[in-house]
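Here are my notes on the model, as numbered points. Please read them with the coordinates open.

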Amino acid sequence: MERLIARIDDILKGDKKMDFAVFSKSEIEEMFQTIMGHMPDEMRQMAIEEFGGVEQWRKHYIEALSSEKMQKGYAKVVEWYGGKDEYLSVVKNPVSKEVAESYNKRIEAIEAFYERSGEH
């Protein structure tokens, strides 16, 4: 508790800035590699075309996820998963392509049902 109070005092004095980083740059890089490796070919190609290449896409991804806003958002996601290690485990071991496609089809069917019924 004393360390927390001292940290807050330092921040209020302007001695130190609050660090909101949840993931390090190397963890973000690893997340990108995993996502790219498990992404369906069509989606990967669309991302490459949108950003002009894999390297440009990687740089954008790392920059976006490194922002304070995204890190704060990920702090909440990590909380939902029960911790950083639990979240990274899900990222590193994503569901199979077939499971993801099945899930997406179910979501699309539910959305179509609500569109037909006029409910939102």
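1. Contact range. Among contacts in the chain between residues at least 6 apart in sequence, 61% join residues at least 24 apart. Contact here means heavy atoms within 4.5 Å. This is a predicted model: local features need pLDDT of at least 70, side-chain atom pairs count only at pLDDT 80 or more, and totals for chains, interfaces and linings use all residues. Residues are numbered from 1 along each chain as its sequence is written, and side-chain values use heavy atoms, with hydrogens and water left out.

2. Overall make-up. The chain has seven helices and zero strands. Its pattern along the sequence is α-α-α-α-α-α-α. Helices (H or I, at least four residues) and strands (E, at least two) are DSSP runs, numbered from the N terminus. Of the 120 residues, 21% count as buried. Buried means under 20% relative accessible area, exposed over 50%, and partly exposed in between, with a 1.4 Å probe and protein chains only.

3. Helix 2 with helix 6. Helix 2 spans residues 25–38 and helix 6 spans residues 84–92. They pack at an angle of about 30°, with axes 9 Å apart. Axes are lines fitted to C-alpha atoms, for helices over the stretch in contact, and angles run from 0 to 180 degrees between N-to-C directions. The two helices are therefore roughly parallel. The classes are: under 35 degrees roughly parallel, over 145 roughly antiparallel, 65 to 115 roughly perpendicular, the rest oblique. E27, E30, M31, T34 and H38 of helix 2 meet K84, Y87, L88, V91 and K92 of helix 6. By class, this contact of helix 2 with helix 6 has four nonpolar, two polar and four charged residues. Ala, Val, Leu, Ile, Met, Phe, Trp, Tyr, Cys and Pro count as nonpolar, Asp, Glu, Lys and Arg as charged, and the others, Gly among them, as polar.

4. Buried face of helix 6. Which residues of helix 6 are buried? They are Y87, L88 and V91. Seen down the axis of helix 6, its buried residues fall within an arc of 95°, so they line one face. The arc is that of the directions from the helix axis to the C-beta atoms. These buried residues pack against helix 2 and helix 5.

5. Helix 3 with helix 4. Their axes come within 8 Å and cross at roughly 85°. That makes helix 3 roughly perpendicular to helix 4. R44, A47, I48 and F51 of helix 3 face V54, Q56, W57 and H60 of helix 4 in this contact. The residues divide into five nonpolar, two polar and one charged.

6. R44. This residue sits in helix 3 (residues 41–51). Not counting residues up to four places away in sequence, R44 touches M36, G37, M39 and W57. A polar atom of the R44 side chain lies 2.9 Å from the backbone oxygen of M39. The C-alpha atoms of R44 and V54 are separated by 9.0 Å.

7. Helix 4 with helix 5. Helix 4 (residues 54–66) packs on helix 5 at about 70°, with axes 5 Å apart. That makes helix 4 roughly perpendicular to helix 5. A64, L65 and S66 of helix 4 meet E68, M70, Q71 and Y74 of helix 5.

8. Q71. Helix 5 (residues 68–81) holds Q71. At 3% relative accessibility, Q71 counts as buried. The Q71 side chain reaches the backbone nitrogen of F23 at 2.9 Å.

Technical notes
A polar contact is a pair of N or O atoms within 3.5 Å; within protein, one must be able to donate a hydrogen and the other to accept it, and residues adjacent in sequence count only if both atoms are side-chain atoms.
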